[in-house]
Amino acid sequence: MTTRKLSGTTRAFSISAGLRTVVFAGSALVLQALSTPVLANAEGAAEALPQPSFELTDPDRIAAGKKRFNKTCAGYCHGAEGVGGRAPDFKGRKDLPDAEAFKTIFHGRRGADIMPPWGQAFSPDQIWELVAYIKFLGTQ
């Protein structure tokens, strides 16, 4: 039991162990969220995107992106070779800016086309490999 003096009177109150755990866990989550780096800010200002450490036309990186795409993107959403899935096609698509592709893969998308965020699953270079492959598909 904890006693606290409030406006001239002493009031006793008890905080259960369960409530203390919830409060502590919630505080820890808030602190973690505040200390985690985020690419975008709430106002939607320009993002400080990590830049690829390689050329997006590098055949080895395109091949790595294709392998990752086939494992995580093709089956249900974007289809084999980036065509015929439930989400937009990439084959022949030339209007997708590199930075926009990176941001969409990193953050995901909500709305008519839902896409999970991959920013915590893949490193920035792995995401850039996916972008390299998607850009390659745009030339097909």
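**Pocket, core and a buried arginine**

The lining of the largest pocket is made up of 17 nonpolar, three polar and five charged residues, where Asp, Glu, Lys and Arg are taken as charged, Ala, Val, Leu, Ile, Met, Phe, Trp, Tyr, Cys and Pro as nonpolar, and the others, Gly among them, as polar. The model is a predicted one, in which local features need pLDDT of at least 70 and side-chain atom pairs count only at pLDDT 80 or more, whereas totals for chains, interfaces and linings use all residues. Residues are numbered from 1 along each chain as its sequence is written, and side-chain values rest on heavy atoms, with hydrogens and water left out.

Of the 25 residues that line this pocket, His78, Ala87, Pro88, Phe90 and Met115 lie nearest its centre; a pocket here is an open set of points on a 1 Å grid over the protein atoms alone, where a 1.4 Å probe fits, with protein on both sides within 12 Å along at least five of seven lines, and a lining residue has an atom within 4 Å of a point. The volume of the largest pocket is about 420 Å³, counted as the space filled by probe spheres set on the points. Helix 2, helix 3 and helix 4 each contribute at least two residues to the lining, and helix 2 gives the most, with six; helices are DSSP runs (H or I, at least four residues) numbered from the N terminus.

Residues up to four places away in sequence aside, Val131 touches Leu56, Asp98, Ala101, Phe102 and Ile105, contact meaning heavy atoms within 4.5 Å.

Arginine 68, in helix 2, is buried, with a relative accessible area of 15%, the limit for burial being under 20% (1.4 Å probe, protein chains only). Neighbours within four places in sequence aside, arginine 68 is in contact with Cys73, Phe122, Gln126, Glu129 and Leu130. The C-alpha atoms of arginine 68 and isoleucine 127 are separated by 9.3 Å, although these residues are 59 residues apart along the chain.

How values were computed:
Buried < 20%, exposed > 50% of the residue type's maximum accessible area, 1.4 Å probe, protein only.
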